[in-house]
Amino acid sequence: QLQLVESGGGLVQPGGSLRLSCVASGFTLDHYTIGWFRQAPGKEREGVSCISSSGGRTKYADSVKGRFTISRDNAKNTVYLQMNSLKPEDTAIYYCAAHPSLLLNACMFSVSYYYWGQGTQVTVSS
């Protein structure tokens, strides 16, 4: 069974920080492009960030540039999303997704991915 599991979500005040983790089981992530996506109530799923299989290339949505950082530790089969300066509009369910190495111009589109986690809730509220 190939599986991705997200963790690290929770309730945080505006301006706070969270670090999300995405751990793979059943396969290794070292040859996979990984994306982070989010879906807020009543809205479509949107790309947040993605990272190449080597970790050498990353992309970010304009709305999170300068606040979020994606990274990976292939030895731990884990990808992270560090989220700083959180805003209420960041509230959403966050998903990680994986696909054998993608072109970077495709990595922010959900249709590019085959494997998906179940999501972790992030709520930013005072």
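Okay, one term before we start: a polar contact is a pair of N or O atoms within 3.5 Å, and within protein one of them must be able to donate a hydrogen and the other to accept it. Keep that in mind, and remember that what we're looking at is a predicted model.

Let's begin at strand β1, which covers residues 3–7. In general, side chains in a regular strand alternate between the two faces of the sheet. Here, L4 and E6 sit on the covered face of β1, while Q3, V5 and S7 make up the uncovered one. The partner to look for is strand β3, residues 18–25. β1 and β3 run antiparallel, with five bridges joining them.

Which backbone nitrogens does the side chain of E6 reach, then? One belongs to G119, at 2.8 Å from the E6 side chain. Another is the backbone nitrogen of C96, which lies 2.8 Å from a polar side-chain atom of E6. Leaving aside neighbours within four places in sequence, E6 also has a list of contacts, including W36, Y94, Y95 and Q118. C22 and C96 are on that list too, and that takes us to the cysteines.

There are two disulfides in this structure. In general terms, a disulfide is a covalent bond between the sulfur atoms of two cysteines. One of ours joins C22 to C96, with 2.0 Å from S to S. That pair ties together distant parts of the chain, 74 residues apart: C22 is in strand β3, and C96 is in strand β9, residues 92–100. Both C22 and C96 are buried. The link has 65° about its S-S bond, and it's right-handed.

The other disulfide is C50 with C107, where the sulfur atoms are 1.7 Å apart. Again distant parts of the chain get linked, this time 57 residues apart. C50 sits in strand β5, residues 46–51, and C107 in the loop between β9 and β10. C50 and C107 are both buried as well.

Key:
Residues are numbered from 1 along each chain as its sequence is written. This is a predicted model: local features need pLDDT of at least 70, side-chain atom pairs count only at pLDDT 80 or more; totals for chains, interfaces and linings use all residues. Side-chain values use heavy atoms; hydrogens and water are left out. Buried means under 20% relative accessible area, exposed over 50%, partly exposed in between (1.4 Å probe, protein chains only). Helices (H or I, at least four residues) and strands (E, at least two) are DSSP runs, numbered from the N terminus. Two strands pair if DSSP finds at least two bridges between them. Contact means heavy atoms within 4.5 Å. A disulfide is a pair of cysteine sulfur atoms within 2.5 Å.
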